[in-house]
Amino acid sequence: MTRPPRSHPLWLAFVLHRLSGLALALFLPAHFWVLSMALTQPQRLDSFLEFAENPMVKLAEFGLVFLLSVHIFGGLRLLALEFLPWSNKQKSLAAGAVGLSLFVSGTFFLQAI
Amino acid sequence: MEQAEQTHLEVTVRRGDADGGKDEVFRVPAHDNQTILDVVSWIQQYSDPTLTYRFACRVGMCGSCAMMVNGEPRWTCRTHVNKVLDGNKLHIAPLRNLPVIKDLAVDMDPFFDKWVEAEGKHHPTKTRDDPIEQINPESAERSEANAGIECINCSVCYAACDTVAGNPDYLGPAALQRAWTLFNDAKNEDKQTILDAVSGTSGCHNCHSMGSCTHYCPNDLNPMAAVAGLKRETAKSFFRRRKNA
């Protein structure tokens, strides 16, 4: 069968942008639910915050920060692509967005542990 | 390459029509210099004369012979077997995103109809009685128009595009690139007609900038940049109209 032609850098950047957006959309309701505990169940929130000190949770937060920043920088690249004069450096810009996101999330992780 | 030692290629060809099809395997003699089109022609001439395919110029100018080769859209007359061989295997199938007529020949009508739908046709500024307009080849506008004029209508970009696969009404990279070329052509008037034609539900704003069109274009053109140009100009025109309303 004809396989869709994929696995080149900008297609992967597209997938990363979509999946990070989807993951963040799923994360946000959970995030707001936990925040709402500050008003409704302060004790439960405290025990959750204690649980969040766990290194494995910090690792998950590292992933979350990566998703957030890769979605922001990837989105900025797309906005620039569509609204600024054309640049041929799209692959480098997409790679730069991933690199910058790893830097941001890595810095967060080193601060957090 | 190992291919020099191999005497035969194992070539799987997708046979069938609009109602479906099946793969058929052929053994084709291997040569040092051999294109995918040579392989397909050998099968048709020496193995199975009922194999249907399409070609004309054999030198990468006419855009007739594009097919899916090992899953990727390619112009078969300029694709060396050595470049795409997987072991000694090849898989050849009709272009993606277009209806199959028979075997490797697809119906290109939807592809060309969309060129017209995108206003990818000339809207003259003058009549034959007017003197010929002088165009500065160095101007930014002309450079932008020149960037896309070498398109050979092979439909490789159209077959590569996942957005076309997901939305059969989407005009596709080639038609939009043509519209962008004409938009930048000083000898083409009625630019707003082009912008209106490309900004509807099937227009340029469907594009997700995956870049498969640019990645696979055999002539190294950049339809993704052309589509981005149309997005920019349609957005500008939208805000201009709101301001003037």
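This is a predicted model: local features need pLDDT of at least 70, side-chain atom pairs count only at pLDDT 80 or more; totals for chains, interfaces and linings use all residues.
**Chatting about strand 4 of chain B and its surroundings**

Biologist: OK, and how many bridges join strand 3 of chain B to strand 4?

Modeller: Four, and the two strands run antiparallel.

Biologist: What sits between the strands in that hairpin?

Modeller: Two residues, and B:Asn70 takes a positive phi near 45° in this hairpin.

Biologist: Which way do the residues of strand 4 of chain B point?

Modeller: B:Glu72 and B:Arg74 go one way, B:Pro73 and B:Trp75 the other. In a regular strand, side chains alternate between the two faces of the sheet.

Biologist: And are those four buried or exposed?

Modeller: All of them are buried.

Biologist: Switching to the interface: how many residues of chain B are in contact with chain A?

Modeller: 22 residues of chain B, against 14 residues of chain A. On the chain B side, the elements giving two or more residues are strand 4, helix 6, helix 9 and helix 10.

Biologist: Which one gives the largest share?

Modeller: Helix 10 of chain B, with six residues.

Biologist: What's the make-up of that side by class?

Modeller: The side of chain B that touches chain A has ten nonpolar, seven polar and five charged residues.

Biologist: Now chain A. Where is A:Leu93?

Modeller: A:Leu93 is in helix 4 of chain A, which covers residues 90-112.

Biologist: Why does A:Leu93 count as partly exposed?

Modeller: Because A:Leu93 has 19 C-beta neighbours inside 10 Å, and buried takes 20 or more.

Biologist: How far apart are A:Leu93 and A:Val57?

Modeller: They're 36 residues apart in sequence and 31 Å apart in space, C-alpha to C-alpha.

Notes. Residues are numbered from 1 along each chain as its sequence is written. Chains are lettered from A and ligands numbered from 1 in the order in which they are written. A residue is buried if 20 or more other C-beta atoms lie within 10 Å of its own, exposed if 12 or fewer, and partly exposed in between; C-beta atoms are placed from the backbone. Two residues are in contact if their C-beta atoms, placed from the backbone, lie within 7 Å. Ala, Val, Leu, Ile, Met, Phe, Trp, Tyr, Cys and Pro count as nonpolar, Asp, Glu, Lys and Arg as charged, and the others, Gly among them, as polar. Two strands pair if DSSP finds at least two bridges between them.
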